[in-house]
Amino acid sequence: MKSIQELEAIRQRTLNTINMRKDNQNTRVVVGMATCGIAAGARPVLLKFMDEVANRNLSGVTVSQTGCIGFCRLEPIVEVYSPDKEKVTYVKVNPDMVGRIITDHIVNGKVVEEYTIGYYEKNNK
Amino acid sequence: MFRSHILVCGGTGCTSSNSLKIIDRFEELIAQNGLAEEVKVVRTGCFGLCERGPVVIVYPEGAFYTRIKVEDVDRIVSEHIIKGRIVNDLIYHEDDVKKEDAPALSEIGFYKKQHRVALRNCGVIDPENIDEYIAFDGYKALAKVLTEMTREEVIDTVKRSGLRGRGGAGFPTGTKWEFAYKSQSDKKYVACNGDEGDPGAFMDRSVFEGDPHAVLEAMAIAGYAVGADQGYIYVRAEYPIAVKRLQIAIDQAKEYGLLGNNIFGTDFNFDIEIRLGAGAFVCGEETALITSIEGNRGEPRPRPPFPAVKGIFGKPTMLNNVETYANIPQIILNGAEWFQSMGTEKSRGTKVFALGGKIVNTGLVEVPMGTTVREIVYDIGGGIPGGKKFKAAQTGGPSGGCIPASHLDTPIDYDSLMAIGSMMGSGGLIVMDEDNCMVDIAKFFLEFTVDESCGKCTPCRVGTRRMLEILEKITDGRGEDGDIEKLEELANTIKSTALCGLGQTAPNPVLSTLRYFRDEYEAHIYEKRCPAGHCKKLARIEIVADKCKGCSLCSRVCPVNAISGEIKKPFVIDQSKCIKCGACIEKCKFGAIIKK
């Protein structure tokens, strides 16, 4: 190592993978992964989120899972928690939808309305 | 990228309660469930709550699992890792009261009042992975001093921070650096004192085990400041995990060019080597340590000349303790003012304490200087088990003294401890309750120093042994008038005439227990009685005649036939035969036999 830039590059690269260990205000993507979620295909969704976050080198985003969210009929369910914002719940998520959620919502802060639980319930009565 | 990190404590404490097998089992189950790409198992350094080991923390939830057994791993994986449901009954709950929600780590009493500077990475990073250290600003301070600061500026920053030596004596660190900097020589050395001899302290080991790069980085900074290109870490061979991780860390740092020649493209060269100590207490004394590094028998020599003038191989040497070094990178990065903002006026920053003895949360804590003994023992340490009463806390191990209950609200810093006859020492804090005999405690510590005295000077070699003999006499019930005075005379003579710190401080436990618990000494000598009921030879076992039914059970169990009597009439114990083994007390069904 001959420069501070090299040190900084290692720092950035590694920090993204381990900063979930510090108490900080991150954007959290939580995938419902109880039996119902797994049966409905939550795992590929979770993996896709992890891939996308890693590929785009997003810092301050953690992807994790939780148990049954309650709406088993709408699984796979993904919840996005951003600091100081209301939680957003996406339903019937499949891996193809992940890219848009990341680009529009997580990177640009624009909620993808037509994937949300509110939109789904309104249009599927 | 991993969605979850399972951190398992790999410090010495948790390792000896099976944490390595727990790690293996986690890895096995994670592979079996095809989760190897999603979940990472990390072996970290010490989390501090050793009493509750083995400790496992699962992120991002921050779920704090304690006293985990290998069998519990299956449940954590199938419930928490696969289904995202925290296993509540394995989670640590204060006072063992199970609550609905798992408490956040920062809300737990043990962690709430702590402020981690020296231990900031312990239990957070993988100590065998330099990248994780770099991720949390590692080696940034070294880069800063090499590219932006002059040597004088570095020394000035350390001086202004108010940092004092964490090895015990509390000498201002910046001043020490300045001495070494001003010494003129073609070669200088930087050394790290990791010879943690106090039997109750283990913070240095934990820093080595949990965050070895912090020490390497700080030594390189010190090397730059004082003009040294070679560093030695002196560590005990009885700390195998620490030694191994240090070596891994040194190798990684060399590979990255953070040690070696032309660090960060400058003309600064620095290398570090490990020197193993054989576990002699005296080698924690700086001149003995230097002698030992040179390959000789570890014995002290008179000062001056101080090591900053004449140290390793006769060259100027800057020697600091492990915990002192662990503070340096943070001081450089955050500034002297930041460090000054913590602690008390004359003792800045934080101090790590190893809690032991009669306390609920045995372990390692780091608090700002000026925290009171009461806060450490009760709020962080969780108080004394069994509802017993606090009697005293011993700080500074065999070189220190005790703090009695009347001084529970003393803020802990170098000077206030000195004022009440104790000392900071390395930071061991042993709590004693009403069952501890203070004469026996003093004897225990003196036994240690008698064993560890190197024998070079007479006051220490002979004097401490004479003191121990008097203490043995007292606890055996053979104490006589004048013994206390003789102890005091010996203690004061040894203090003022011994060659090194070991001898000069060896009488401290006796002097401080005499200061606060003189009545206990007097009870032993004049009344032949141990108030705590601890000293076996002074105990008296008696049969209460009113309660005795004359069943003869006691006389049959007595190994020395000291009990006799007539059936259905009260029995009596022949005190001249009784060996105070207590077998009769255990056997008696009527509670008629008591120990006085």
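Here are a few friendly notes on a strand and some aromatic contacts in this predicted model.

1. Which strand runs parallel to E8(B) and is joined to it by 5 bridges? That is strand E5 of chain B, residues 189-194. Within this pairing, B:Asn320 of E8(B) has B:Cys192 standing opposite.

2. Turning to the rings, the structure has 13 aromatic pairs over all chains. One of them is the edge-to-face pair of B:Phe110 and B:Tyr111, at 5.0 Å centre to centre with 80 degrees between the planes. Both B:Phe110 and B:Tyr111 are buried. They also belong to one aromatic cluster together with B:Phe64 and B:Tyr92.

3. Do also look at B:Phe281 and B:Phe448, an edge-to-face pair with centres 5.0 Å apart and 75 degrees between the planes. B:Phe281 lies in the loop between strand E7 and helix H12 of chain B, and B:Phe448 in helix H17, so this pair ties together parts that are 167 residues apart in sequence. B:Phe281 is buried, with a relative accessible area of 13%, and B:Phe448 is buried at 18%.

4. Finally, two charges over rings. In chain A, the charged end of A:Arg100 sits over the ring of A:Tyr115, 5.4 Å from its centre. In chain B, the charged end of B:Lys351 sits over the ring of B:Phe353, 5.8 Å from its centre.

Definitions and conventions. Residues numbered from 1 in each chain as written. Chains lettered and ligands numbered in written order. Predicted model: local features only at pLDDT ≥ 70, side-chain atom pairs only at ≥ 80, totals over all residues. Heavy atoms only, no water. Pairing = 2+ DSSP bridges. Helix = DSSP H or I, 4+ residues; strand = E, 2+ residues; numbered from the N terminus. Phe/Tyr/Trp six-rings, centres within 6.5 Å; stacked < 30°, edge-to-face > 60°. Buried < 20%, exposed > 50% of the residue type's maximum accessible area, 1.4 Å probe, protein only. Lys NZ or Arg CZ within 6 Å of the ring centre and 35° of its normal.
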